[in-house]
Amino acid sequence: MKKIATLLLAAGLVFGVATGASAIDFKAKGQWIMSFDYGQNGGFTGGNGATGFNGASGTRGNSGYRGEDEFEAKQRVRLQLDAVASESLSGTVFFEIGSQTWGDSENGGSLGADGNNVVKVKNAYVDWIVPQTDLKVRMGIQGMALPSFTTGSNVFNDDVAGVTASYQFNDNVAVTALWARPYNDNYTSTTDHNGNRNNYMDNVDLFSVLVPLTFDGVKVTPWVAYAALGPNAFRNGGDNYYSNFPTTSGKYPAAGMTAVGGARHKSGAASTKPLGTYGSAVWAGLTGEVTTLDPFRIAWDINYGSASYEDSRANRAGYLASLLFEYKLDWAIPGLYGWYASGDDGNPANGSERMPSLSVNNNNNGFSNFAFNGNPYIAREGVLGYDMSGTWGIGARLKDMSFIENLKHTLRLNVMGGTNSTTMAKRYLSGAGSSRTAIASGANDNVAGAGPMYLTTNDTAMEVGLTNTYQVYDNFQIMLDAAYIATWLDQSNGTWGKSNLNGRSDQVRDPWNVNLSFVYSF
């Protein structure tokens, strides 16, 4: 309560200053969300004494939902304040309160409230234009995303500290360059040179250049990105170089930046090779859309990425391509789409053949609201994967169907599967059934480099989702979202064999969830 009071007092002082500084124009924006979830089997299993939405114990399933009940009520508040001096200079601070789970004392949602650890600075940055030019610069903690016209970026989309600079050459050509620092000064170890190497070579720095090209009915954006990976950036002391991913977004690089289980020998045993030099990651993409045949729209994303370490067993490289066809009608936008991503072979010693990703925390995947990171609010999402690496899929949707004023519906049907080798599952990931040293004990074990669900070429799933949005007032809407994933894992001895999805048996259960959200935005 004290932190919230301090925040309100600071806002009052800021507005007080506004009365005496007429050159500054203060603008406020905000959003309140009240969210109610009910679902089961979020970890694709159940039984063995496990309860709650995840239905699985330990590290299984999406780490964000471990310990959640089947029914949860949450809320989140976001407040943004812009201090605008002119068209050439402004500052923004963006506070986030929550999300808070009702009844949970750790985040101030229990009796008496007064949570003292839920007020966060989501963004804080300065926008300015270089004098006598059209070069726009943004400096500070901000939302950054690499380009996409289909699914949202499956490489990087999150809040991060850094600098972006953009320049519009003419109506057709622009360029944006960015530098972001996701990690630095997080490594501590008393056993490494008696603690004298704390914060040593532990930074991750991302650089990217985007070139948006705009013509009549055609938009194309080629882009490239490079990241320097400090050898201690993900280190957790000793020879454990691939398990320290701090911050609220840590689960995304944990799943996306290394091979399954980190660096592994062909036997499945962990590599103990020390890292002493910087690694690197490189991505490149070509994304765009064609609307010259309006009401037809064609959009695509083609991405390739590679992450390399001094120990090549941890390397990861692959691609992801997606394609979308849409046709706009008066009452809906029907669409057909598909994607394909490279997958792992059967040898962990040569690293991973899946595309690396740094974070997709802010991603709203238009192909899926539930299987991948796709929900625009705080409903459950990403139960199958945070990004789409190692999977394929085809889908159809009816977007923004409307038969009644202010009421819209979006219906999705996705059929998807894995592109990872069955040998990887049989030999290394099926626990007691593994023929080598086990890296995991089931498709949902969520070890480093794997994500919530690891699908092979013999595994398939089908997702059905329906999103309903009712615009009650101009600034207030109600969303009802329901999703179900039917899952078929190959439980033969040639793939998952005797894996332990629930810690004891290979029981598969289909995840589902219903969310009701009330959203006030201004």
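## Report on a predicted single-chain model

In the chain, residues 24 or more positions apart account for 65% of the contacts that have a separation of 6 or more. The model is a predicted one, and its secondary structure comes to three helices and 19 strands.

**The chain as a whole**

A compact globule of 522 residues would have a radius of gyration near 24 Å, and because the chain has 24 Å, the two values agree. Along the principal axes, the C-alpha atoms fill a box of roughly 75 × 65 × 55 Å. Of the 522 residues, 49% are buried. The accessible surface amounts to about 22600 Å², and carbon and sulfur atoms contribute 57% of that area.

The classes follow from the cut-offs: buried means under 20% relative accessible area, exposed means over 50%, and partly exposed lies in between.

The side chain of Q80 is joined to that of D82 by a polar contact of 3.1 Å. When neighbours within four places in sequence are left aside, Q80 is in contact with K27, A28, K29, T92, V93, F94 and Y125.

V126, for its part, belongs to a nonpolar surface patch. L89, W128 and M139 make up this patch together with V126, and its area is about 320 Å².

**Helix 3**

Helix 3 spans residues 422–429. At the start of this helix, a side-chain oxygen of S421 reaches to within 3.0 Å of the backbone nitrogen of T423. Within the helix, the buried residues include T422, M424 and A425, and Y428 and L429 are buried as well. Helix 3 is followed by G431, which has a positive phi, near 65°.

**Summary**

The predicted model thus presents a chain whose radius of gyration agrees with that of a compact globule of its 522 residues. Helix 3 has a contact between S421 and T423 at its start and is followed by G431.

How values were computed: Residues are numbered from 1 along each chain as its sequence is written. This is a predicted model: local features need pLDDT of at least 70, side-chain atom pairs count only at pLDDT 80 or more; totals for chains, interfaces and linings use all residues. Side-chain values use heavy atoms; hydrogens and water are left out. Buried means under 20% relative accessible area, exposed over 50%, partly exposed in between (1.4 Å probe, protein chains only). Helices (H or I, at least four residues) and strands (E, at least two) are DSSP runs, numbered from the N terminus. A polar contact is a pair of N or O atoms within 3.5 Å; within protein, one must be able to donate a hydrogen and the other to accept it, and residues adjacent in sequence count only if both atoms are side-chain atoms. Patches are made of residues with over 30% relative accessible area and no salt bridge: like charges are joined within 9 Å, nonpolar side chains (Val, Leu, Ile, Met, Phe, Trp, Tyr) within 5 Å. Accessible areas come from the Shrake-Rupley method with a 1.4 Å probe; for residues, only the protein chains shown count as cover. A salt bridge is a side-chain nitrogen of Lys or Arg within 4 Å of a carboxyl oxygen of Asp or Glu. The radius of gyration is taken over C-alpha atoms; the globule rule is 2.2 Å times the number of residues to the power 0.38. Contact means heavy atoms within 4.5 Å.
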